[in-house]
Amino acid sequence: MEELIFHWGVEGFGAHLFRNVEKGKERFVLRFNSLMIDEDDNEIVKKGEVPYDSFTAYWKEFISQPTWFHYHPVFIHSDYRPFVYDFLLSVNRDLLTEQELDKLNYWFDEILMARKLSDSFVEDFKGGSLKKILEWVKSDHTLEFNIRDNYVNIYYRGGNILRIREKAPGKYTFWFDENYKGTSPPSKMEQIQGSLLVQDWDNFFPFAKQAMDFYFADSPKEEREFAQLVVRDNNYSGIANGTDYFIIDYEYDNHQGARFDLVALEWPSNAVSRKQTKKFKPRLVVMEMKFGDGAFKGSAGMVKHVKDFIDFSSNPGKVSAFKREMVDLFKQKRALGLIKFGPSGNSNPIDEFDEMIEMLFLIANHDPESRVLKKVLLDIKTYYPEFDIKVITSSFLGYGLYNHRLKTLTPELL
């Protein structure tokens with residue numbers, strides 16, 4: 001099976017590196033094309049391909065070109081982003097000109113900006129071979145569509161029901177996690193895999209959802225499921241246009257220390273803010289969902305989340321790349337119709353965010369008689385005394401997020 005690994009281009013020249021796995025052995029092939037103009041102004045197109053034993057072998061040859069960082073990195077597969085990132089860190093910046101530094105920083109941006117689909121991928125969802133899947137997501141609000149590194153995860157009740165990866169323009173792989181088979185009979189899994197193979201989405205989604213329902217009855221993922229309900233209410237429910245937040249991403253992970261349950265855009269629902277005047281810049285807010293008192297402590301507890309957020313937000317380079325990534329992600333979700341505005345819509349662009357990034361917790365089903373939360377808040381104040389612990393409380397019952405419900409939580413309030 002052939003898979004795109006690396007795509008770069010420069011005016012008049014471009015190359016695609018593909019990976020093939022046969023009998024457990026990886027092989028790579030570079031396909032390139034160039035466009036030249038001869039002395040008679042005729043276009044001369046040249047094409048070719050070169051085999052490589054490994055990505056490392058190709059990369060060594062690629063960077064042997066003195067001007068490699070002037071090339072535009074169109075796509076780098078997530079398997080190789082850490083390798084390329086580590087190489088970029090090793091480059092001696094003292095030897096580069098200002099122009100060369102700008103080019104190198106652009107490479108960093110492309111490596112860090114993982115969540116984005118190619119133009120052809122987006123177009124196939126809008127009107128091509130993937131249109132039926134997008135129609136299913138839009139008509140079934142138990143499904144949540146999330147953009148990754150040139151692939152898509154569709155979630156159901158907090159679990160990944162379908163992954164769609166672009167192998168090459170117009171060519172895709174589809175994957176369902178068979179760990180969700182749970183107590184489903186073998187015949188049910190045969191139905192799921194059969195419908196997946198022929199891309200029969202009208203049968204795949206009902207069969208796969210039922211299998212996941214059986215699985216979650218024995219192995220519930222309540223925190224993720226509740227987080228997905230927050231996405232639904234604020235992005236495409238009947239009250240979505242009236243809340244003050246749109247959820248840009250669910251289960252965010254840049255594989256470099258930044259992991260957030262939700263990434264939201266605070267865009268107040270008043271008329272002035274929604275008109276997007278030049279003076280107003282929406283704010284990015286990262287959110288951590290905590291379901292029940294057992295989620296407050298431990299390796300994924302509130303103290304750890306605060307530490308990770310402080311480390312992340314104190315790195316200007318990562319924050320800048322994160323903001324640009326969210327700009328692109330929000331644009332693509334709007335283009336796909338995955339953000340619901342009022343009947344007349346909203347075409348006002350979001351091209352930049354407020355300088356500050358905020359963090360808040362969404363706490364679900366806290367037992368008021370438990371002292372665990374108070375102890376955790378005291379720990380946070382001990383380790384990070386300057387950090388304000390913010391939460392949003394619900395507007396009566398529901399998951400719509402309104403900024404006037406934002407509170408700073410202190411141990412004294414419990």
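Of the 414 residues in the protein chain, 48% count as buried. The model is a predicted one. The chain holds 12 helices and 15 strands. Its radius of gyration is 24 Å, close to the 22 Å given by the globule rule for 414 residues, so the chain is as compact as a globular protein of that length.

**Overall dimensions and contacts**

- The C-alpha trace of the protein chain spans about 80 × 60 × 45 Å along its principal axes.
- The accessible surface of the protein chain is about 20900 Å², and carbon and sulfur atoms contribute 51% of that surface.
- Among contacts in the protein chain with a separation of 6 or more, 61% are between residues 24 or more positions apart.

- Strand 1 (residues 2-10) pairs with strand 2 (residues 13-22) in the antiparallel sense, through 8 bridges.
- Val10 has Phe13, in strand 2, as its bridge partner.
- The hairpin has 2 residues between its strands, and Gly12 adopts a positive phi near 90°.

**Helix 2**

- Four residues are named as buried in helix 2 (residues 81-90): Arg81, Val84, Tyr85 and Leu88.
- Viewed down the axis of helix 2, these buried residues fall within an arc of 100°, so they line one face of the helix.
- An α-helix has 3.6 residues a turn, so residues three or four places apart point the same way.

**The loop at Pro220**

- Pro220 sits in the loop between helix 7 (201-218) and helix 8 (222-235).
- The relative accessible area of Pro220 is 46%, and Pro220 therefore counts as partly exposed, since that class lies between the buried limit of 20% and the exposed limit of 50%.
- Gly158 and Pro220 are 62 residues apart in sequence, while their C-alpha atoms are 9.5 Å apart in space.

**Helix 10 and its packing**

- Helix 10 (residues 302-313) consists of 12 residues, and the distance from its first C-alpha to its last is 16 Å, close to the 16 Å expected at 1.5 Å a residue.
- Met302, His305, Val306, Phe309 and Phe312 are buried in helix 10.

- Strand 12 and strand 13 run parallel and are joined by 8 bridges.
- Glu288 has Phe361, in strand 13, as its bridge partner.
- Strand 13 is mostly covered, with 7 of its 8 residues buried.
- Glu358 is located in strand 13.
- With a relative accessible area of 5%, Glu358 is buried, because buried means under 20% relative accessible area.
- Setting aside neighbours within four places in sequence, Glu358 is in contact with Glu266, Arg283, Leu284, Val285, Val286, Phe309, Lys390 and Leu406.
- Phe309, one of the contacts of Glu358, is also one of the buried residues of helix 10.

Terms used: Residues numbered from 1 in each chain as written. Predicted model: local features only at pLDDT ≥ 70, side-chain atom pairs only at ≥ 80, totals over all residues. Heavy atoms only, no water. Pairing = 2+ DSSP bridges. Expected span 1.5 Å × (residues − 1). Buried < 20%, exposed > 50% of the residue type's maximum accessible area, 1.4 Å probe, protein only. Rg over C-alpha atoms; globule rule 2.2 N^0.38 Å. Contact = heavy atoms within 4.5 Å. Areas by Shrake-Rupley, 256 points an atom, 1.4 Å probe, with all protein chains shown as cover. Arc of directions from axis to C-beta.
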